[in-house]
Amino acid sequence: MKKESSNNMHQWSPEEEDAYPRLSKSEMDALRSANPQKFSSINGWWVVISQVIFTLLIAGLFYIFIGLPDRNVYTYSALVGGFIGFAPSALFLLRLEAAKKTINTGPGGYLTAVVSGEFLKILLTLLLFIGFALKQPDLKWIPLLVAYFVTIKSYLLVWLWGSKR
């Protein structure tokens, strides 16, 4: 008998309360209105726009600081690197926008759109890297990778800038 009571003590019982209480829609709306800073989100299109701006800035810097014979190749390589960074992000956002507009999309459908969109983003990034490497072997990899890295890090920069406002 004593063993049976100790086993019951370790089993989960559905009557126990959750660690986090479930809130109704009205309670959640009241919580959001009381502290809107904690519930703010960043529009994904601002991230893509910042990626395009950073791409143009990096390409401009390479254009200004690289000598005349290689100037165009370095600038073009930086533009390609930025394009490899922001084109898949834009495709991902278009996938999410299409999922939002679907009438029958529930939480599971939207999660499927996020996962499939992320898969398409990774696939397109790999295909763009491979395609540009094979079709344009004269590209300079340093400016391409610098511009790609900056466009990828613009997610973080936009998030930091948005959280300080």
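**View 1. I49 sits in helix α3.** Helices here are DSSP runs of H or I with at least four residues, strands are E runs of at least two, and both are numbered from the N terminus. I49 counts as partly exposed because its relative accessibility is 41%; the cut-offs are under 20% for buried, over 50% for exposed and in between for partly exposed, with a 1.4 Å probe and protein chains only. A word on the model: it is predicted, so local features need pLDDT of at least 70 and side-chain atom pairs pLDDT 80 or more, while totals for chains, interfaces and linings use all residues. Residues are numbered from 1 along each chain as its sequence is written, and side-chain values use heavy atoms, without hydrogens or water.

**View 2. The whole protein is built from six helices and zero strands.** Read from the N terminus, the order is simply α-α-α-α-α-α. Of the 165 residues, 24% are buried. The protein exposes about 12,400 Å², and carbon and sulfur atoms supply 67% of that (Shrake-Rupley areas with a 1.4 Å probe; for residues, only the protein chains shown count as cover).

**View 3. Helix α3 runs over residues 44-65.** Its 22 residues reach 32 Å from first C-alpha to last, close to the 32 Å expected at 1.5 Å a residue (that is, 1.5 Å times one less than the number of residues). At the start of α3, a side-chain oxygen of N43 comes to within 3.1 Å of the backbone nitrogen of W45. Which residues of α3 are buried? They are V47, V48, S50, Q51, T55, I58, A59 and F62.

**View 4. S89 belongs to helix α4 (residues 71-101).** Is S89 buried or exposed? S89 is buried, because its relative accessible area is 1%. Leaving out residues up to four places away in sequence, S89 touches V48, Q51, K121 and Y155 (contact means heavy atoms within 4.5 Å). Two of these, V48 and Q51, are among the buried residues of α3.

Key. A polar contact is a pair of N or O atoms within 3.5 Å; within protein, one must be able to donate a hydrogen and the other to accept it, and residues adjacent in sequence count only if both atoms are side-chain atoms.
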